[in-house]
Amino acid sequence: MNVLSRVGEVALGIIGSILNAIFLIIVTLAVMGVSSADSAEIQMYFEEQMIITDPTMTSEDMLMFNDIVSVGLNIFGIVGWVFVGTLLISLILSIVGVFKVSKNKSPKTAGVLFIFAAMLSGIILLAPILFYIAAIMCFARKTTDHHLEETFYNNDRQQTDQSHQPL
């Protein structure tokens, strides 16, 4: 009886999940850092840098620049938390996909989970590439049907085996 091993899919899923978790931690720390930063202090720092770079800036230019920095920090905080949420969902889907494929119960479902995990985790990263490869492997590799390999269930094989037996 030949049992199909899914070690490749499991390994790619685990490596992708670990990379996804590392990226999730980095993005979470970055978003927390920007969200907890004092915007007045950041604006003063940028004002000092702008005065050094361009001493002809007026007070209206500084106010407009401060507004842009304030809005930019707020947008980064909101988009950052949304990205953290999608990375967390991606990590959960990839872990569920690894468990599904490791039991060899439903590799097609695991392939779909890997595809969704890859779409949610980003485009340019290594983790989505690994998830896509694991998903392709889940779809391409056929599961063995134990009934076809066992001679008890295969009448054609029984007949050929009986015809070759010595009398």
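View 1. M119 is partly exposed, at 48% relative accessible area (buried is under 20%, exposed over 50%, partly exposed in between, with a 1.4 Å probe and protein chains only). The model is predicted: local features need pLDDT of at least 70, side-chain atom pairs count only at pLDDT 80 or more, and totals for chains, interfaces and linings use all residues. Residues are numbered from 1 along each chain as its sequence is written, and side-chain values use heavy atoms, with hydrogens and water left out. M119 sits in helix α4 (helices are DSSP runs of H or I, at least four residues; strands are E runs of at least two; both are numbered from the N terminus). V112, F116, M119, Y132 and F139 make a nonpolar surface patch of about 440 Å². Two or more patch residues come from each of α4 (107-121) and α5 (126-140). Helix α4 gives the most, 3 residues. Patch members have over 30% relative accessible area and no salt bridge; like charges are joined within 9 Å, nonpolar side chains (Val, Leu, Ile, Met, Phe, Trp, Tyr) within 5 Å. A salt bridge puts a side-chain nitrogen of Lys or Arg within 4 Å of a carboxyl oxygen of Asp or Glu. Areas come from the Shrake-Rupley method with a 1.4 Å probe; for residues, only the protein chains shown count as cover.

**View 2. The nonpolar cores.** The largest core has 14 residues, of which V101, A110, F114, F131 and C138 touch the most other members. Helices α1 (7-36), α3, α4 and α5 each supply at least two of its residues. The largest share of this core, 6 residues, comes from α5. A second, separate core of 6 residues includes L24, V27, L87 and L91. A nonpolar core is a set of buried Ala, Val, Leu, Ile, Met, Phe, Trp, Tyr and Cys residues joined through side-chain atoms within 4.5 Å.

View 3. Contact means heavy atoms within 4.5 Å. Leaving aside neighbours within four places in sequence, A110 is in contact with G97, K100, V101 and C138. S90 is placed in helix α3 (residues 59-102). S90 counts as buried, at 0% relative accessibility. Not counting residues up to four places away in sequence, S90 touches N20, A117, L120, S121 and F131.

**View 4. The aromatic pairs.** The count comes to 2 aromatic pairs. Rings of Phe, Tyr and Trp (its six-membered ring) pair if their centres lie within 6.5 Å; planes under 30 degrees apart are stacked, over 60 edge-to-face, the rest tilted. F23 and F83 are edge-to-face, because their ring centres are 5.8 Å apart and their planes stand at 80°. F23 lies in helix α1 and F83 in helix α3, so this pair ties together parts 60 residues apart in sequence. F23 is partly exposed, at 25%, and F83 is partly exposed, at 29%. F114 and F131 are stacked, 6.0 Å centre to centre with 10° between the planes. F114 lies in helix α4 and F131 in helix α5, so the pair ties together parts 17 residues apart in sequence. F114 is buried, at 0% relative accessibility. F131 is buried, with a relative accessible area of 0%.

**View 5. The whole chain.** The protein chain has 7 helices and 0 strands. Of its 167 residues, 27% count as buried. Among contacts between residues at least 6 apart in sequence, 71% join residues at least 24 apart. The chain exposes about 11,100 Å², with carbon and sulfur atoms supplying 70% of it.
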